[in-house]
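Hello,

My notes on it follow directly below.

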Amino acid sequence: MTINEDRYSEEKLLESNFPHLNKNSSQFQEKLEDVHEIEKSLKKLMTLCGEEENIPDLEETPFRVVKAFLEYTVGYRENPAAHLEKTFDIEQHDPVIVKDIEFYSMCEHHFAPFFGVAHVAYIPNKKITGLSKIARVVEGYTRRFQVQERLTNQIADAIEDVLEPRGVMVAIEAKHLCVSSRGVKKEDAKTFTLVSRGLYADNPQLRSEFMMAIK
């Protein structure tokens, strides 16, 4: 890949991730310079870690890393709660549970992946949303630099704020590579977080039914 092709690819990458920016604007050019600086820093990091310089197979690695991180963090460039605004006036008094929503996220402390499943339940109050919208909310908040505790609350907050249900409960079970692949290196360790609001916070039987449903 030539230098001109590199620059062309970087511009296309920014255009696809920041379509609201004019290509000739100062903001766009600043981001383009940021990409160049990050690529230079990544090359230095690779050398610091022991990689030899000027290896042809690794020439494009810094660009690939920038491209990957923009994909990992696409959730910053949307409002996940907006997916819930499409609602239906259907009478539903019992819980709606969407479980085993697979997700991948990035630990904000080490930039190491964590991944697992999310389980979401809400008790409607006059309105419901499409089932796929729940999964889109999870996806939107996971595609950011995250900690699992905040992530669990953000999903619950979005559902509570937009759908105004009588109760909402969110559980996340995840494996963190910052725990299993470095530091204490506990390969089998998983983290389970739980948030309950409204009727779920007040009614132990409802919480028990939710836990049984997601097993």
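Of the 215 residues of the protein chain, 38% count as buried (buried is under 20% relative accessible area, exposed over 50%, partly exposed in between, with a 1.4 Å probe and protein chains only). This is a predicted model, in which local features need pLDDT of at least 70 and side-chain atom pairs count only at pLDDT 80 or more, while totals for chains, interfaces and linings use all residues. Residues are numbered from 1 along each chain as its sequence is written, and side-chain values use heavy atoms, with hydrogens and water left out.

The protein chain has eight helices and seven strands (DSSP runs numbered from the N terminus: helices are H or I with at least four residues, strands are E with at least two). Along the principal axes, its C-alpha atoms fill a box of roughly 65 × 45 × 20 Å. Among contacts in the chain with a separation of 6 or more, 67% come from residues 24 or more positions apart (contact means heavy atoms within 4.5 Å).

Strands

Strand β6 (residues 167–176) is largely enclosed by the rest of the structure, because eight of its 10 residues are buried. Strand β6 runs antiparallel to strand β3 (residues 113–123), and 10 bridges join the two (strands pair if DSSP finds at least two bridges between them). In that pairing, Ala121 has Met169 of β6 as its bridge partner. Strand β7 (residues 191–198) is also antiparallel to β6, with eight bridges. Here Ala174 stands opposite Thr191 of β7.

Cores

The largest nonpolar core has 29 residues (a nonpolar core is a set of buried Ala, Val, Leu, Ile, Met, Phe, Trp, Tyr and Cys residues joined through side-chain atoms within 4.5 Å). Phe103, Val120, Tyr122, Ile134, Ile155, Ile159 and Ile172 have the most contacts inside this core. At least two core residues each come from β2 (96–107), β3, α4 (131–142), α5 and β6. Helix α5 gives the largest share of this core, six residues. Apart from this core lies another, of 11 residues, including Leu13, Phe18, Phe28 and Leu70. As a general point, nonpolar side chains in soluble globular proteins tend to be buried together.

Ile134 touches Leu84, Val98, Ile101, Val120, Tyr122, Thr129 and Ile159, leaving aside neighbours within four places in sequence.

Helix α5 (residues 148–163) has 16 residues and reaches 23 Å from its first C-alpha to its last, close to the 22 Å expected at 1.5 Å a residue (the expected span is 1.5 Å times one less than the number of residues). The buried residues of α5 are Gln148, Leu151, Thr152, Gln154, Ile155, Ala156, Ala158, Ile159 and Leu163. Just after α5, Glu164 takes a positive phi of about 50°.

Charged side chains

The whole structure contains nine salt bridges (a side-chain nitrogen of Lys or Arg within 4 Å of a carboxyl oxygen of Asp or Glu). Three of them may be worth a look.

- Lys23 pairs with Glu11, with the closest N and O atoms 3.5 Å apart. The pair links distant parts of the chain, 12 residues apart: Lys23 is in the loop between α1 (3–17) and α2, and Glu11 is in helix α1. Lys23 is partly exposed at 37% relative accessibility, whereas Glu11 is buried at 16%. A network of salt bridges links Glu11, Lys12, Glu15 and Lys23.
- Lys40 pairs with Glu37, with the closest N and O atoms 3.7 Å apart. The two are three residues apart in helix α2, so about one helical turn separates them. Lys40 is partly exposed, with a relative accessible area of 49%, and Glu37 is partly exposed at 43%.
- Asp157 and Arg197 meet at 2.8 Å, N to O. This pair links distant parts of the chain, helix α5 for Asp157 and strand β7 for Arg197, 40 residues apart. Asp157 is partly exposed at 31% relative accessibility, whereas Arg197 is buried at 16%.

Not counting residues up to four places away in sequence, Glu39 touches Glu10, Pro62, Phe63 and Val66.

Regards
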